[in-house]
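Please read the following note alongside the sequence and the coordinates. The points are numbered so that each can be checked in turn.

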Amino acid sequence: MVYNVVLYVALAVFGVGLMYKISGWFRFSIGIAAQNMTISARIPAVLKGLLVVIFSQKLLTLIRVFVMDVLFQIRILEKDKLRWVMHMLIFAGFIFLLFTHALDKIIITSLFDKYYLKLNPYLFFAGFMVLSGLAIAVYRRFILKVPRLKTKAMDLYVIILLAVIILSGFALEFTKLASFNHYQKIWYVHILTCLTGLAYLPFSKMFHMFTTPASLLANAVMNQNSNPANVMTRRVMELDACTHCGTCSRHCSVAIAYDSIGNKHILPSERMVFLKDYIAHKRMTARGLAAICQGIYLCTNCDRCTVNCPAGINLRDLWFNVREEMIGRGHAVPLMLTPFSFYRGLHQQELDPDQYDNPLNKAQKALAGHFERLNKIEEVIPLTSANREFKKSAGLSLRAGTYAYCFTCENCSTVCPVVGNYENPQQHLDLLPHQIIRSLGFGLLDLAMGSRMLWYCLTCYQCQEHCPQGVKVTDIFYELKNLAVKEADRSIK
Amino acid sequence: MKFALFLGCNIPVRVQHYELSARAVLDKLSIEVVDNSEFKCCGYPIRNTDQKTSVLMAARNLALSEKQGLDMMALCMCCFGSLKKAAHLMKHNPSMQEEVNAQLSKEGLRYTGNFGVKHFLSVLYHDIGINVLKEKATKAFKGIKIATHYGCHALRPSDVTEFDDPVAPVLFDELVSATGAHSIDWPLKLECCGAPLLGVNDSLSMDLTEKKLVDAKRFGADYLCVACPYCQMQFGRVQQMMAFQRNIDIGPLSILFPQLLGLAMGIRGNALGMDRHVLDVSRIESFLE
């Protein structure tokens with residue numbers, strides 16, 4: 001009686017959870033091009049897409065991907081053998097137990113008589129497989145400490161849950177003959193954890209047993225020309241396909257920046273965790289937004305995350321789109337004024353021209369905005385109040401100290417191709433290179449840091465190379481930009 | 001001769017023909033390159049906002065090639081510049097090197113500075129030599145004028161990159177000449193391609209690119225020749241975009257140096273990725289002897 005109630009409750013939670021999660025794929029949107037895609041348009045689009053694929057040659061692709069990537073998980077094998085062994089042990093053991101043991105009444109007994117006797121050793125063997133797989137998982141996360149592989153509560157819950165299921169299962173078999181009292185208690189533990197697992201499944205990373213195959217299959221047959229409604233649905237579904245395995249972060253070109261900056265959103269795997277949470281309500285604090293913007297913009301678009309993701313998630317597309325959504329929310333992103341923007345510039349035709357410049361202007365203003373003197377050109381600057389302390393250090397290196405040798409020959413400004421590009425350069429750049437260097441000489445740090453010249457510097461090093469006094473002009477600009485960003489960071493509440 | 005090959009982030013996804021052609025040429029010249037899948041971003045793009053992180057990123061790569069016991073060869077000039085810069089900074093600031101090493105030790109890495117970094121062009125020029133290249137260029141070009149584009153971050157700051165004379169460089173011109181092509185004099189030869197500002201200030205970036213293209217054309221160039229993925233993308237995909245946005249004629253087109261050299265050495269165009277250009281440069285093969 002109690003068993004039946006618990007079973008049906010678990011099944012109901014599982015069923016409702018499944019429907020709830022799947023409906024999310026159609027209810028939620030993320031990234032640009034999110035407008036005009038209603039549920040009523042997205043559901044038929046998916047059905048139509050499915051039909052088209054099933055009745056085309058792409059069906060063969062689906063079958064190949066299902067066998068190679070879903071069943072045999074070749075993508076994991078190619079990247080990391082230990083992980084493949086771990087995953088296969090859990091996957092194969094679990095599937096075996098599911099069909100021959102958990103669902104025995106439905107499947108096996110209808111096929112074989114007296115199967116219990118025959119199967120017992122196999123049952124143990126499958127249990128050992130899962131346990132060994134879990135042991136490798138624990139070893140990887142806590143002993144091997146794969147660099148930048150982060151463990152979240154959700155990763156731990158699943159390991160614990162599976163371990164309890166298998167261990168109680170072992171205990172159950174051992175006590176079967178020995179003690180009926182103990183047997184009953186353990187039976188409850190075993191059944192309850194199994195049913196908890198079932199109910200929790202749609203909400204846990206175990207959900208990936210449905211979504212990861214879906215992602216692998218969808219990405220195998222979708223391309224740039226796919227229906228945008230389906231791309232959106234896939235993009236949301238892929239968030240559920242992510243198992244937080246950390247492969248993307250391990251291959252990420254800029255992951256090491258996390259070690260020095262400490263912003264976890266630099267790691268793609270952690271951004272996925274954030275997005276899963278963000279997508280439903282789309283709320284965050286100013287600090288949170290600043291962190292996610294920095295994390296998502298600090299990307300060289302090298303594609304390694306996409307190429308290596310074992311779940312086949314199209315992270316390239318996700319980042320490009322989510323990035324636009326984030327920088328469009330109004331927070332200034334200093335990184336936009338760096339070569340990290342090259343890829344965005346290269347793909348500007350895919351972006352809304354009306355929205356393209358806004359975040360750039362915002363970044364520009366945030367970095368130059370609070371350097372007041374620059375906005376008051378007519379004001380006479382009293383040199384005596386200059387910040388003399390700054391002259392000594394201000395965080396500038398020895399190399400930067402070379403500004404003191406400047407005798408204002410203006411060679412730097414003369415050879416600068418950016419200056420040379422304008423009829424009236426001050427109008428576009430605020431200060432010219434030699435003026436920035438002189439500002440440093442006067443200790444006018446805010447003046448030196450506030451000009452657009454710094455951010456429109458190509459870093460081509462013509463100025464530095466041509467300075468007769470050995471002033472390291474470009475290097476000084478780099479350091480001033482670093483300082484300006486620190487200042488701007490401080491102003492975020 | 002053996003190097004650790006540093007490709008950076010752009011080449012494997014956006015400028016694969018650079019990698020293809022460089023490998024083909026290096027193979028013919030019997031220079032062995034070793035890949036390292038652990039190489040990551042060189043630190044170039046983050047230097048504007050965070051020099052410390054930039055140095056850490058560069059140093060990690062340098063430490064990895066040290067672990068292999070190899071000098072590094074970079075194809076991208078911006079990567080090369082960034083790696084050289086980091087090495088230079090750490091050499092002159094031991095406490096920075098210590099700080100970086102403290103971070104790297106978490107991954108069991110250590111940077112000592114005992115191995116060097118070279119750009120692809122330097123390897124060809126200094127380690128192979130112009131004479132050998134001339135011998136190998138059996139199918140040399142004839143009657144073609146090339147505007148050689150040096151690229152900024154390999155050439156300058158010269159005290160750091162140690163690439164060539166920053167004001168009157170000859171290295172790249174001589175390499176181009178070795179293929180039988182004529183490397184022309186043109187006023188903007190040493191200027192920036194504009195790529196560092198793409199996405200930051202597009203009109204400025206494109207102004208600079210346009211100026212270079214006009215200048216090269218005015219001085220009779222049939223083609224531009226580059227040895228950096230950023231420059232190639234700027235003169236390729238961005239030039240195509242400019243033609244559309246600014247309503248200007250396309251040309252001259254840009255070819256990657258290892259392609260130019262490879263063709264002169266008799267390597268097939270496809271093996272050099274000649275079919276992978278956004279703007280088709282295959283007609284350059286008609287200048288081959």
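How do the residues of the lining of the largest cavity divide into nonpolar, polar and charged? The points below begin with that question and then turn to helices and single residues.

1. This is a predicted model, and the lining of its largest cavity divides into 16 nonpolar residues, 4 polar ones and 1 charged. The space in this cavity comes to about 190 Å³, and 21 residues line it, of which A:Thr300, B:Cys9, B:Asn10, B:Pro45 and B:Tyr230 are the closest to its centre. Two or more lining residues come from each of H17 of chain A and, in chain B, helix H4 (77-91) and H12.

2. Helix H13 (268-281), helix H15 (304-308) and helix H16 (315-327) of chain A each contribute at least two residues to the lining, which divides into 9 nonpolar, 3 polar and 4 charged residues.

3. As to confidence, the model has an ipTM of 0.97 and a pTM of 0.92. For chain B the average pLDDT is 97, and 100% of the residues score at least 70.

4. Helix H11 of chain B covers residues 202-218, and because its 17 residues should span 24 Å at 1.5 Å a residue, the 24 Å between its end C-alpha atoms agrees with expectation. The buried residues of H11(B) are B:Asp202, B:Leu204, B:Ser205, B:Met206, B:Leu208, B:Thr209, B:Lys212, B:Leu213, B:Asp215 and B:Ala216. Their cover draws on both chains, and it includes helix H17 (342-346), helix H18 (353-356) and helix H22 (417-420) of chain A as well as strand S5 (145-148), strand S7 (223-226) and helix H12 (229-246) of chain B. Just after H11(B), B:Gly220 adopts a positive phi of about 90 degrees.

5. Helix H2 of chain B (residues 16-28) can be checked by its length too: its 13 residues reach 19 Å from the first C-alpha to the last, close to the 18 Å expected at 1.5 Å a residue. Its buried residues are B:His17, B:Tyr18, B:Glu19, B:Ser21, B:Ala22, B:Ala24, B:Val25 and B:Leu26. H2(B) is followed by B:Ser30, which has a positive phi near 60 degrees.

6. B:Leu256 belongs to strand S8 (residues 253-256) of chain B, and this residue counts as buried because its relative accessible area is 0%, the cut-off being under 20%. Leaving aside residues up to four places away in sequence, B:Leu256 touches B:Val15, B:His17, B:Tyr18, B:Cys225, B:Val226, B:Cys228, B:Gln232 and B:His277; of these, B:His17 and B:Tyr18 are also among the buried residues of H2(B). B:Leu256 and B:Met274 are 18 residues apart in sequence, and their C-alpha atoms are 9.4 Å apart in space.

7. In chain A, A:Ser215 sits in helix H9 (residues 208-221), and here again the residue counts as buried because its relative accessible area is 0%. With residues up to four places away in sequence not counted, A:Ser215 touches A:Met237, A:Glu238, A:Ala241, A:Ala311, A:Gly312 and A:Ile313.

Key. Residues are numbered from 1 along each chain as its sequence is written. Chains are lettered from A and ligands numbered from 1 in the order in which they are written. This is a predicted model: local features need pLDDT of at least 70, side-chain atom pairs count only at pLDDT 80 or more; totals for chains, interfaces and linings use all residues. Side-chain values use heavy atoms; hydrogens and water are left out. pLDDT is the predictor's confidence in each residue, from 0 to 100. Helices (H or I, at least four residues) and strands (E, at least two) are DSSP runs, numbered from the N terminus. The expected span of a helix is 1.5 Å times one less than its number of residues. Buried means under 20% relative accessible area, exposed over 50%, partly exposed in between (1.4 Å probe, protein chains only). Contact means heavy atoms within 4.5 Å. On a 1 Å grid over the protein atoms alone, a cavity is a set of points where a 1.4 Å probe fits but cannot get out, and a pocket is an open set with protein on both sides within 12 Å along at least five of seven lines; lining residues have an atom within 4 Å of a point. Grid points are joined across faces, edges and corners, and a volume is the space filled by probe spheres set on the points. Ala, Val, Leu, Ile, Met, Phe, Trp, Tyr, Cys and Pro count as nonpolar, Asp, Glu, Lys and Arg as charged, and the others, Gly among them, as polar.
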